[in-house]
Amino acid sequence: MQTGMRIIYDQDGEIVASFLQGGLEPRKEITKLEHIDLEYGEINFNIYRIVRIDLDTKRPVLERIHPELTPEEKMRELEDQLLLLINENTGGIL
């Protein structure tokens, strides 16, 4: 079955979430839905994204949005920040 949109609703018919699926592969048949609640601020979504839910622990499996930088990359990033700061403070040579 191809679906153009999926709507998830509660027992009163109120829409909880909706997803457009145009052009995507058809999803497998869903036979059971569950949910978990997370505390506000429990996950820093600037650093992590939720990949899936671990069925055994009922906890989100997280993935870093930006992988860890190597020491060389960290050094280069700090040097760049320092150059920009110096440029701002001296009136600019860059």
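Leu20 is exposed, with a relative accessible area of 70%, and its place in this predicted model is in strand E2.

**The nonpolar patch**

- Leu20 belongs to a nonpolar patch on the surface, which is formed together with Met5, Ile7, Tyr9 and Ile15 and has about 580 Å² of accessible area in total.
- Strand E1, which covers residues 5–9, and strand E2, which covers residues 15–20, each supply at least two residues of this patch, and E1 gives the most to the patch, with three residues.

- Strand E3, made of residues 48–54, and strand E4, made of residues 59–64, run antiparallel and are joined by six bridges.
- Within this pairing, Arg52 has Val61 in E4 as its bridge partner.
- Four residues lie between E3 and E4 in the hairpin that these strands form, and Lys58, which is in the turn, has a positive phi of about 60°.

**The chain as a whole**

- Of the 94 residues in the chain, 5% are buried.
- The chain exposes about 9000 Å², and carbon and sulfur atoms supply 55% of that area.

Conventions. Residues are numbered from 1 along each chain as its sequence is written. This is a predicted model: local features need pLDDT of at least 70, side-chain atom pairs count only at pLDDT 80 or more; totals for chains, interfaces and linings use all residues. Side-chain values use heavy atoms; hydrogens and water are left out. Patches are made of residues with over 30% relative accessible area and no salt bridge: like charges are joined within 9 Å, nonpolar side chains (Val, Leu, Ile, Met, Phe, Trp, Tyr) within 5 Å. Accessible areas come from the Shrake-Rupley method with a 1.4 Å probe; for residues, only the protein chains shown count as cover. A salt bridge is a side-chain nitrogen of Lys or Arg within 4 Å of a carboxyl oxygen of Asp or Glu. Buried means under 20% relative accessible area, exposed over 50%, partly exposed in between (1.4 Å probe, protein chains only). Two strands pair if DSSP finds at least two bridges between them.
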